[in-house]
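Hi there,

Here is the model I promised to pass on. Have a look at it first, and my notes follow below.

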Amino acid sequence: MKSDFINNMTHEFKTPIATISLAADTISNPKVINDESKVLQFIGMIKKENNRMNKKVETILQIASLDKKEIQFRFENISMHTIIDHVLDTMDIQIQQKNGRVTRSYEAGDPLICGDNEHLSNLVNNLLDNAVKYSPDSPEITIRTRNADHGFVFSIEDKGIGMTKAVQSKIFERFYRQTSGNVHDVKGFGLGLNYARAIIDAHKGTINVISEPGKGSTFEVYLPSNLDI
Ligand code: ADP
């Protein structure tokens, strides 16, 4: 698993590094350097690849801090509906690029819980990112919320590639990635769900998955409101 991780990481970093190097070389070309619009285009490319690498580094740092139990939590009363809406805003371009559609069905009358805004945003982001990544065609995503057991439940459903029972039993393990079928075309480190589970554990919540190959997947997260802590 670890060597798979190293291979994936090498691949994920080599592509942006090569792109940045190429863009820099192109800008230094005398024919390009005097063409302002071309220069700006290549600078934009460098910036985009830089952001991409930054996101990867963030993920790795998150896991490293979880390992050392150094992770900092700042618990406060927050609305899970606001968190989900914010994450959806930041993913808008990514979803539109794949002609995706997101349906929201917010049935929780009380979206407030005591939790860490940043980590819960990362958790929602990881689940939505997977729903988009593992939908080969236009993603059709449904987000549902409700209140149950003195807490908040949300589910993220996609109509993507789905998973066998055997795969489902391993997805929360660190570095696990399904490597058969089309799946290895999709980039990733196998860290997103491991991080998600750690964050949910720290909030004393639960996560479940229902999935069928070729039909899609639904991840359901329960977070106790913890408001009396
Ligand atoms: P990554 O996406 O970087 O590989 P994750 O930890 O987020 O890592 O997911 C682990 C594995 O679980 C993925 O490689 C994939 O095989 C499977 N998986 C996660 N979410 C989905 C989904 N919505 N649909 C199908 N497979 C999924």
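Two strands count as paired if DSSP finds at least two bridges between them. Helices (H or I, at least four residues) and strands (E, at least two) are DSSP runs, numbered from the N terminus. Before the findings, a word on the ground rules. This is a predicted model, in which local features need pLDDT of at least 70 and side-chain atom pairs count only at pLDDT 80 or more, while totals for chains, interfaces and linings use all residues. Residues are numbered from 1 along each chain as its sequence is written, and side-chain values use heavy atoms, with hydrogens and water left out.

**The sheet**

Five strands make up an open sheet with mixed pairing, in the order β2-β4-β5-β7-β6. The edges are taken by β2 (101–106) and β6, each with a single partner strand, so one side of each has no neighbour in the sheet. From one strand to the next, the twist averages 15°. Axes here are lines fitted to C-alpha atoms, for helices over the stretch in contact, and angles run from 0 to 180 degrees between N-to-C directions. Helix α4 (residues 80–97) packs on this sheet and touches β2, β4 (140–148), β5 and β7, its direction making about 175° with that of β2. Contact means heavy atoms within 4.5 Å.

Strand β5 (residues 151–158) pairs with β7 in the antiparallel sense over eight bridges, and Gly 151 stands opposite Pro 224 of β7. Strand β6 (residues 206–212) also pairs with β7 in the antiparallel sense, over seven bridges. Val 209 has Phe 219 in β7 as its bridge partner, and Glu 212 has Gly 216. The two strands β6 and β7 form a hairpin with three residues between them, and Gly 214 in the turn has a positive phi of about 80°.

**Helix α5**

Next comes α5 (residues 117–133), a helix of 17 residues that reaches 24 Å from its first C-alpha to its last, close to the 24 Å expected at 1.5 Å a residue. That expected span is 1.5 Å times one less than the number of residues. Because 12 of its 17 residues are buried, α5 is largely enclosed by the rest of the structure. Among the buried ones are His 119, Leu 123, Leu 127 and Val 132.

At the start of α5, a side-chain oxygen of Asp 116 comes to within 3.0 Å of the backbone nitrogen of Glu 118. This is a polar contact: a pair of N or O atoms within 3.5 Å, where within protein one must be able to donate a hydrogen and the other to accept it, and residues adjacent in sequence count only if both atoms are side-chain atoms.

Asn 117 is partly exposed, at 34% relative accessibility. Leaving out residues up to four places away in sequence, Asn 117 touches Arg 74, Glu 76, Ile 78 and Ile 83. Asn 126 is buried, with a relative accessible area of 16%. A polar atom of the Asn 126 side chain lies 3.2 Å from the backbone oxygen of Gly 192.

**The ligand**

The ligand is surrounded by 20 residues, and the closest are Asn 130, Tyr 134, Asp 158, Arg 177 and Leu 193; a residue is near a molecule or strand if one of its heavy atoms lies within 4 Å of it. Which of these have polar atoms facing the ligand? A polar side-chain atom of Tyr 134 is 2.7 Å from a ligand oxygen atom. In the side chain of Asp 158, an N or O atom lies 2.9 Å from a nitrogen atom of the ligand. A polar backbone atom of Leu 193 is 2.9 Å from an oxygen atom of the ligand.

**The chain as a whole**

Finally, the overall numbers. The protein chain has seven helices and seven strands, following the pattern α-α-α-β-α-β-β-α-β-β-α-α-β-β along the sequence. Its C-alpha trace spans about 65 × 40 × 40 Å along the principal axes. Of the 229 residues in the protein chain, 42% are buried.

Note on methods:
Buried means under 20% relative accessible area, exposed over 50%, partly exposed in between (1.4 Å probe, protein chains only).
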